[in-house]
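Please look at the sequence and the structure before reading on.

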Amino acid sequence: MDRYASASIPTSTSAPPYSIPLPSGSGSWLFTTFAVLFTLLALEQSVYRYKKRHLPGAAWTIPVIGKFADSLKPTMEGYMRQWNAGDLSAVSVFNIFIVMASSNEFSRKILNSPTYAEPCLVHAAKQIIFPDNWVFLTGKEHVSYRKALNALFTRKALGLYFDIQDKITRKHFRDWVSPDDKAHPIMMIARHLNMDTSLRVFCGDHIPEIATTEISDKYWDITRALELVNFPLALPGTKIWRAIKARKVAFKWLVEAAAKSKVHMANGGELTCMLDGWLQTIQDPEWKGRKEFSDREMAMVVFSFLFASQDAMSSGLIYAFQHLADHPEIFAKVREEQDRVRGDSNNPMTLELLDNMPYLSAVVKESLRVKPPVLMVPYKTIRAFPISEDYTVPANSMVIPSFYNSLQDPQVYTNPEEFNPARWLDPNGTAQSNPRNYLVFGSGPHRCIGIEYAMMNIALVIAHAVSMWDWEHVKTPQSEEIEIIATIFPKDGCHMKFTPRAS
Ligand code: HEM
C-alpha cells in the first residue's frame, strides 16, 4: 500500500520529494478526517477575518457556532458593548457573518438602501409566518402590496379600530384592579389585553372568544423563538418547532375568520373589523388595485400584523405604565389633561378627543424613545454593500441597523436617559427638529405600517388607567433590568397595584 500522500512539505530523502509519511488503515482515515477538519476550521477563520477586515469585533470566531451562546441569552449590556465598539462592528453566528450598525447615519443608510439590503427579520421568521408572506416581498412588488394595505390604516379605519380598542380595554380592566390589595406583575395581563385587542380589531366577531384565549396562550411559544439566529433545524422540542405548532393553531382560526368575513360582507353586513373594511375597500368600483385575495392570503396579512405587533405593543404598554408610575408629577399632568378634555372617564375616547391631548401623545412618544421595544431589525445584503468609504459589507451577510444609540443621542435628546415628555412639546426643540433620530418604528420602505395604530392604542390604555385608578409601582431589584425576549421588558414583569381613583 502506498504509505505516502502528496503534500507540500518535504520530508526524508527516502521518500519522494514533497511528500510526508501517513499512517495506514484506520489511522489514515483518522488523519484525513483531522486534516479536513483542520482545513475547514482554518478556512472558517480566514473567511471571517477576510470579511471583517478592520471592523471592531472578536479577532477570531468560535468554531462553527460563533457567538450563538450570546444570541441565546442576549443582554442589554452585551448589545451596548457591541454598539459602542464602533459605528460598524462585526460578529459571526453559525457562520452567518453579521455587521451591526449603531450610528444614526449607518442605521438609516441600511434601512433606506433597498437595492443593497432587504429585511430578513429574525432567523425563524420565514418558518413561522410562511416564506410567501407579503412582508418578505421586495422592490416594486413590496411597494404595490403595501400600498394596498395602507387602505387598512386610513383615519376612517383607525376610528373604527379605536372604538373596538376602547371596549376591549374597558372589558379587561375590570380584572386589573387588585383584588387582594397587592401588586402583581402586569407582563402577562398586558400581553393578553393586547392580543385580545388586536384579534378583535383585525377579525371582530369572526373569531370566537375561545380562539382569542387559545391564540394568546400559545403565542408565548412564538415569542420565545424570536432569537436573532436559532438552532437551524426545527427538530421536535426546539423553540422553532414549538413556535410552528403555535402558529398552526392561530392560523387555522385566522383563515376561518377571513372566510366568515367574506360571507358577512357578501350578505351586506355592517363593518365590524379590519377584514370587513378590507373587503369593502377592494369591492369598491373606484378601487384600482387587486380585487381578489384568498382566505389564506388575508390570514397571512393578519398574521403578519400580529407577528409584528404583539411583542412590540406589549413592551410599549408595560414600559408606559412603569414610566408614568415612577413619575408622579407627569402622571398628574396626564390626569389633569384627561379631566379637562374628556371629563368623566366613562365617556368613550374618540380620535377627535385624542387629537386634543398633546401631553398624552408626548408621553407615549417619550416612553417609546426611552425604552424602544424594537432595538434593531435584521436585514441581509443582496449584493456587496459599500456602506462607508472604507468598508463594503459582503453579499449575503446579515446587516443589523440598531436604534438605541440614535434614540439616546445626547445632541438631540438632552439628558437622554431622562423620561421627559415636555421635550416633544417644544416645536423648535432639538427632539422635534431631528425626526431622523426617532427610529422607534424604523425608516424607509419597510417602516412600520402600524405607527398611528400603535401610538393611539397605547395612549388609549394609559388614558383609561390614569383616569380610573390610582397606581403604585412596587419596585424590585429587577425593575430597572432589561429582559430581551424579542422585544424588551422590565425583568420583574412590572409589579403594579391599581386601586379605584380616590379623588
Ligand atoms: C409599539 C409598537 C410597534 C413598534 C415599536 C413597531 C416597530 C416596527 C419596526 C422597528 C419595524 C421595522 C421597520 C423597518 O424595517 O424599517 C416594523 C415593521 C412593521 N410593523 Fe411595526 N411596530 C409596532 C406596532 C405595529 C403594529 C400595531 C402593526 C400592525 C397593526 C405593525 C405592523 C408592522 C409591519 C407589517 C411591519 C413590516 C412593514 C414592511 O415590511 O413593509 N407594527 N415595526
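How many bridges join strand β12 to strand β13, and in which direction do the strands run? Strand β12 (residues 482-485) and strand β13 (residues 487-490) are joined by 4 bridges and run antiparallel.

The model is a predicted one, in which local features need pLDDT of at least 70, side-chain atom pairs count only at pLDDT 80 or more, and totals for chains, interfaces and linings use all residues. Residue numbers start from 1 along each chain as its sequence is written.

## Overall layout

The protein chain has 18 helices and 14 strands. Helices (H or I, at least four residues) and strands (E, at least two) are DSSP runs, numbered from the N terminus. The C-alpha trace spans about 100 × 55 × 50 Å along its principal axes. Two domains divide the protein chain: domain 1 (1-34) and domain 2 (57-500). These bounds come from an automatic or database domain assignment. Taken over C-alpha atoms, the centres of domain 1 and domain 2 are 60 Å apart.

Of the 503 residues of the protein chain, 38% count as buried. A residue is buried if 20 or more other C-beta atoms lie within 10 Å of its own, exposed if 12 or fewer, and partly exposed in between, with C-beta atoms placed from the backbone. Two residues are in contact if their C-beta atoms, placed from the backbone, lie within 7 Å. Among contacts with a separation of 6 or more, 71% are between residues 24 or more positions apart.

## Strand pairing

Two strands pair if DSSP finds at least two bridges between them. β12 and β13 form a hairpin with 1 residue between them, and Ala-486 in the turn has a positive phi of about 65°. Both faces of β13 are covered: Thr-487 and Phe-489 on one side are buried, as are Ile-488 and Pro-490 on the other. In a regular strand the side chains alternate between the two faces of the sheet.

An open sheet of 3 strands has the order β6-β14-β11, with antiparallel pairing. Its edge strands, β6 (184-185) and β11 (469-473), each pair on one side only. β14 (residues 495-500) is joined to β11 by 5 bridges and to β6 by 2 bridges.

| Residue | Partner | Strand of partner |
|---|---|---|
| His-473 | Met-496 | β14 |
| Trp-469 | Pro-500 | β14 |
| Pro-185 | His-495 | β14 |
| Ile-484 | Ile-488 | β13 |

## Ligand shell and nonpolar core

Which residues come nearest to the ligand? Of the 26 residues around the ligand, these are Ala-308, Ser-309, Gly-442, Cys-448 and Gly-450. A residue is near a molecule if its C-beta atom, placed from the backbone, lies within 6 Å of it. α12 (295-325) and α18 (451-468) each supply at least two residues of the shell, and α12 gives the most, with 7 residues. By type, the shell divides into 16 nonpolar, 8 polar and 2 charged residues. Here Ala, Val, Leu, Ile, Met, Phe, Trp, Tyr, Cys and Pro count as nonpolar, Asp, Glu, Lys and Arg as charged, and the others, Gly among them, as polar.

The largest nonpolar core has 119 residues, of which Leu-275, Val-302, Val-399 and Ile-462 touch the most other members. The largest share of this core, 18 residues, comes from α12. A nonpolar core is a set of buried Ala, Val, Leu, Ile, Met, Phe, Trp, Tyr and Cys residues joined through C-beta atoms within 7 Å. Leaving aside neighbours within four places in sequence, Val-302 is in contact with Phe-202, Cys-203 and Leu-254.

Is Ile-215 buried or exposed? Ile-215 counts as buried because 25 C-beta neighbours lie inside 10 Å. Glu-214 has 16 other C-beta atoms within 10 Å and is therefore partly exposed.

Beyond neighbours within four places in sequence, Ile-215 is in contact with Met-195, Leu-199, Val-249, Ala-250 and Trp-253. Ile-215 and Asp-196 are 19 residues apart along the chain, with their C-alpha atoms separated by 9.2 Å. Glu-214 and Trp-253, 39 residues apart in sequence, are 9.9 Å apart in space, C-alpha to C-alpha.
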